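I wanted to look up how oppositely charged side chains pair up here, and I kept notes as I went.

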Amino acid sequence: MASIWVGHRGTMHDYPGFSPSVDAEVIRKAIRGIGTDEKTLISILTERTNAQRQLIVQEYQAAYGKELKDDLKGDLSGHFKQLMVALVTPPAVFDAKQLKKSMKGTGTSEHALIEILTTRTSRQMKEISQAYYTVYKKSLGDDISSETSGDFRKALLTLADGRRDESLKVDGLLAKKDAQILYNAGENKWGTDEDKFTEILCLRSFPQLKLTFDEYRNISQKDIEDSIKGELSGHFEDLLLAIVHCARNMPAFLAERLYQALKGAGTDEFTLNRIMVSRSEIDLLDIRAEFKKHYGYSLYSAIKSDTSGDYEITLLKICGGDD
């Protein structure tokens, strides 16, 4: 059965002639030698799919009685270490850890919460919730509840539930009806009925929402984005705008996140690592194309000018090519 974490537009593909035991041994030598052989580590871990890397992890554990991620942590440092550990982590566990990290310590990283919860499919969300509980012995919903509040919390919990319709079929009548409900809940009302926005935007399929937004424009002569900006505020507004962007063009939404992570002084490695690793087998080719289209230069060149060393080499391998 095809993994729910694999699409047709990724930059990473199954390595032909793959042997987990050979790879495990080569990695062990690269780590055990005098000084680490980073080149070898990078070439193996960036030229295998996550499913293949999980088999290497199992082999490594069986052969050496140690967790590969622990050996990588002990041997590498900085952003390079985080990226390599991310590569050997199962996707659902990786997302669970990213969610935990975004809610940990002082303040919540709402950007990361929003990005993960709006871009994962319902099936992926269910896997992430299971992984979250397995790793932290707490439910994802409980942590979201204690870290957020109000309409933002309600909408996040709805998304975390993984109940968004995934069908590709669209219903024209429903789109008209939903558009009218949204119009009545916002533009056409004194005060806003936030629950209606949450219900429709968090549960309808993306193709269905696209049609709904077209109908909305017919009714109100406004784009749904403008209404959301006018009617709502704060993180709730950010979340709903993210859903609208994802429904219209998810690769463009993620390209924009990468652009923000790379531009200006300092790099947001937390976001950079997450998107590059989590989309590497799904739609990174499309994200690259959108990046080039919107910003006039390639994602590859942006990474090149903004990172360095083994970290840069690894990211460029994941990126897969210059556009």
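I began with E312 and K304, whose side chains meet in a salt bridge at 3.6 Å, N to O; the term stands for a side-chain nitrogen of Lys or Arg within 4 Å of a carboxyl oxygen of Asp or Glu. E312 counts as buried at 14% relative accessibility, whereas K304 is partly exposed, with a relative accessible area of 46%; buried means under 20% relative accessible area, exposed over 50%, and partly exposed in between, with a 1.4 Å probe and protein chains only.

I noted that this is a predicted model, in which local features need pLDDT of at least 70 and side-chain atom pairs count only at pLDDT 80 or more, while totals for chains, interfaces and linings use all residues. Residues are numbered from 1 along each chain as its sequence is written, and side-chain values use heavy atoms, with hydrogens and water left out.

How many salt bridges does the structure hold? I found 23.

Next I looked up R9, which forms a salt bridge with D286, the closest N and O atoms being 2.8 Å apart. R9 lies in the segment before α1 (20–32) and D286 in helix α17 (residues 284–295), so the pair ties together parts that are 277 residues apart in sequence; helices are DSSP runs of H or I, at least four residues, numbered from the N terminus. R9 is partly exposed at 38%, and D286 is partly exposed at 24%.

I then turned to K154 and D195, which are joined by a salt bridge of 3.2 Å, N to O. Because K154 sits in helix α10 (residues 150–160) and D195 in helix α12 (residues 194–203), this pair ties together parts 41 residues apart in sequence.

Last, I recorded that R28, K66 and D71 are linked in a network of salt bridges.

Methods
Helices (H or I, at least four residues) and strands (E, at least two) are DSSP runs, numbered from the N terminus.
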